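I opened my notebook to write down what I looked up, one topic at a time. Please keep the structure beside you while you read.

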Amino acid sequence: MISQYRVHLQTLVLVIFVVHPSRPVCVDVPSETEAVLGKPMKLTCIFCMKREEVKAKTRVDWYYMPTAAEKDIIPEKTHIYKYEDSNAGEVDGPFKGRLAWSGSQDLQDVSILILNVSYNDSGFYECTVLREFEFGFFTPSFSKTKNITLNVKEQATDDTTAIYSEIMMYVLLVFLTFWLLVEMVYCYRKISKSDEQAQDTAY
């Protein structure tokens, strides 16, 4: 009876370790570059922190530069959004009233959202992140710049690569789940058989 109880306890511990929710992992993913007219569009900008427990001050600036009408003319870069000291806000300009913060609470994701996209929103976007860490008297700083080229279309186009990737993700998820169940059953049987052999030896 004690041996059977121990087997169930070991199995329960194994399940707990397997299904225990893991801590979120920061992954730097590229931003979408195709927006649909009249729909919201998220401009993704991610700056991962290797050590989340370290305190840091983060400043984020977003800039916009329209597509050049002529090759010899360089368009002017416009400051459209900023985040500093836990305050996020738009800057006066063509995007006033159409931008919203879409970042994470830990400021590893510092993305913004364009509301009601128009054709004039096509162009180049620049995300600049400045992070100052606090190590007592030592305050090192790191910066990152990410550029996004946005194209606005009347209708969304089908992305076959994304569709295939999503299908493969679900297939892999099903396979891993099945493999995990097989491993759990195998471990359970192996432990049970070991306990039975131990009991037979004892008798």
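This is a predicted model: local features need pLDDT of at least 70, side-chain atom pairs count only at pLDDT 80 or more; totals for chains, interfaces and linings use all residues.

**Entry 1: Salt bridges**

I began with Arg-59, which counts as partly exposed at 27% relative accessibility.

Which residue meets Arg-59 in a salt bridge? I found Asp-61, at 2.8 Å from N to O. A salt bridge here is a side-chain nitrogen of Lys or Arg within 4 Å of a carboxyl oxygen of Asp or Glu. Asp-61 is buried, with a relative accessible area of 6%. As a reminder to myself, side chains of opposite charge can pair when their charged atoms come close.

How many salt bridges does a search of the whole structure find? I wrote down nine. One of them joins Lys-144 to Asp-28, and their closest N and O atoms are 2.6 Å apart. Lys-144 lies in strand S9 and Asp-28 in the loop between helix H1 (2-19) and strand S1 (34-36), so this pair ties together parts that are 116 residues apart in sequence. Helices (H or I, at least four residues) and strands (E, at least two) are DSSP runs, numbered from the N terminus. I looked up the exposure of both partners: Lys-144 is partly exposed at 22% relative accessible area, and Asp-28 is partly exposed at 42%.

Asp-28 also meets the side chain of Lys-146 in a salt bridge, at 4.0 Å from N to O. That pair links distant parts of the chain, with Asp-28 in the loop between H1 and S1 and Lys-146 in strand S9, 118 residues apart. Lys-146 is buried, with a relative accessible area of 13%.

Next I looked up Thr-44, which sits in the loop between strand S2 (41-43) and S3. Is Thr-44 buried or exposed? Thr-44 is buried, with a relative accessible area of 12%. Not counting residues up to four places away in sequence, Thr-44 touches Val-29, Ser-31, Ser-111, Lys-146 and Ile-148. Contact means heavy atoms within 4.5 Å.

I then went to strand S9 (residues 141-153), where Leu-150 has its place. Leu-150 is buried, with a relative accessible area of 1%. Leaving aside neighbours within four places in sequence, its contacts include Met-41, Leu-43, Ile-114 and Tyr-125.

**Entry 2: Rings**

I turned to the aromatic rings. Rings of Phe, Tyr and Trp (its six-membered ring) pair if their centres lie within 6.5 Å; planes under 30 degrees apart count as stacked, over 60 as edge-to-face and the rest as tilted. By this rule I have six aromatic pairs. The rings of Tyr-64 and Tyr-125 have centres 4.9 Å apart and planes at 45 degrees, so this pair is tilted. Tyr-64 lies in strand S3 (residues 56-66) and Tyr-125 in strand S8 (residues 123-133), so the pair ties together parts 61 residues apart in sequence. Both Tyr-64 and Tyr-125 are buried.

I looked up another pair, Tyr-83 and Trp-101: their ring centres are 4.7 Å apart and their planes at 25 degrees, so the pair is stacked. Tyr-83 is buried at 11% relative accessible area, whereas Trp-101 is partly exposed at 25%. I also noted that ring pairs link Tyr-64, Phe-95 and Tyr-125 into a cluster.

The charged end of Arg-131 sits over the ring of Phe-47, 4.7 Å from its centre. The rule asks for NZ of Lys or CZ of Arg within 6 Å of the ring centre and within 35 degrees of the ring normal. Lys-77 has its charged end over the ring of Tyr-63, 5.0 Å from the centre.

How values were computed
Residues are numbered from 1 along each chain as its sequence is written. Side-chain values use heavy atoms; hydrogens and water are left out. Buried means under 20% relative accessible area, exposed over 50%, partly exposed in between (1.4 Å probe, protein chains only).
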